[in-house]
Amino acid sequence: MGKSTGLRVVVLISGSGTNLQALIDAASAGAPFRIVAVISNEPDAFGLERARRCGIPTAVVNHRDYPDRPSFETELARAIDIHDPGLLALAGFMRILTPAFVARYLGRMLNIHPSLLPKYRGLHTHERALAAGETEHGASVHFVTAELDGGPVIIQAVVPVLPGDTPQTLAARVLVQEHRIYPVAVRWFAEGRLQLGTDGRVYLDGQPLETAYRLTAGA
Ligand code: GRF
């Protein structure tokens, strides 16, 4: 499997797209999914260039072109559904989604967030973890639900907070781990091993996950 077979994944981005790249690389290396389109709300997102280099179709749905969030999302959903995805992967997509949009893709939309959820939902996670004196930090992949960064967590990567860390050094350490865990979660989903249960819990291999699967840096 790889480029031409497997689960159809549409990736939503707003920026650099390094997590997108990790997913592209995993698919190229034989993971059982393929990126069928990359959609950005930011016309200049470098992730669009990454997609083009790999021959992946791209689209821009610029939120500034729409009078309100619902009309933006109507166009976004149209751009997504053309590609008939089995999974929507948010990878640094910086728009808040309405409950209606979330409901449309519930159970088939994942996000990666740079903190050990439920800690530090929202923005500036690295700054906040440092300010709080955390000794460990990390990233989480979760199913997207209507609650911002509040959906059930599938897999996390943990990194140490080191003396002298700045938000930038900590972000870089976390990002390396993001690139490890996102392809794992998408692979599990593609293999049919991962579900969002009707009870709102994550199921892996038919069993509810009591706690998120955890990878430790270096492990
Ligand atoms: C990552 O830290 C991701 O977790 C967050 O935004 C950043 C995006 O990075 N949501 P990239 O665009 O994948 O390089």
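How many residues of domain 1 are in contact with how many residues of domain 2?

1. In this predicted model, 20 residues of domain 1 are in contact (heavy atoms within 4.5 Å) with 15 residues of domain 2. The model is predicted, with local features needing pLDDT of at least 70, side-chain atom pairs counting only at pLDDT 80 or more, and totals for chains, interfaces and linings using all residues. Residues are numbered from 1 along each chain as its sequence is written, and side-chain values use heavy atoms, without hydrogens and water.

2. Domain 1 spans 1-105 and domain 2 spans 113-219, with bounds from an automatic or database domain assignment. Their centres, taken over C-alpha atoms, lie 20 Å apart.

3. The two domains bury about 1,400 Å² between them, and 78% of this is on carbon and sulfur atoms. Buried area here is the accessible area (1.4 Å probe) that two parts lose on being put together, summed over both. On the domain 1 side, Asn19, Pro32 and Val102 lose the most area to domain 2, together 29% of what that side buries.

4. Asp149 sits in the loop between β6 (136-143) and β7 (153-160); strands are DSSP runs of E, at least two residues, numbered from the N terminus.

How values were computed:
Helix = DSSP H or I, 4+ residues; strand = E, 2+ residues; numbered from the N terminus.
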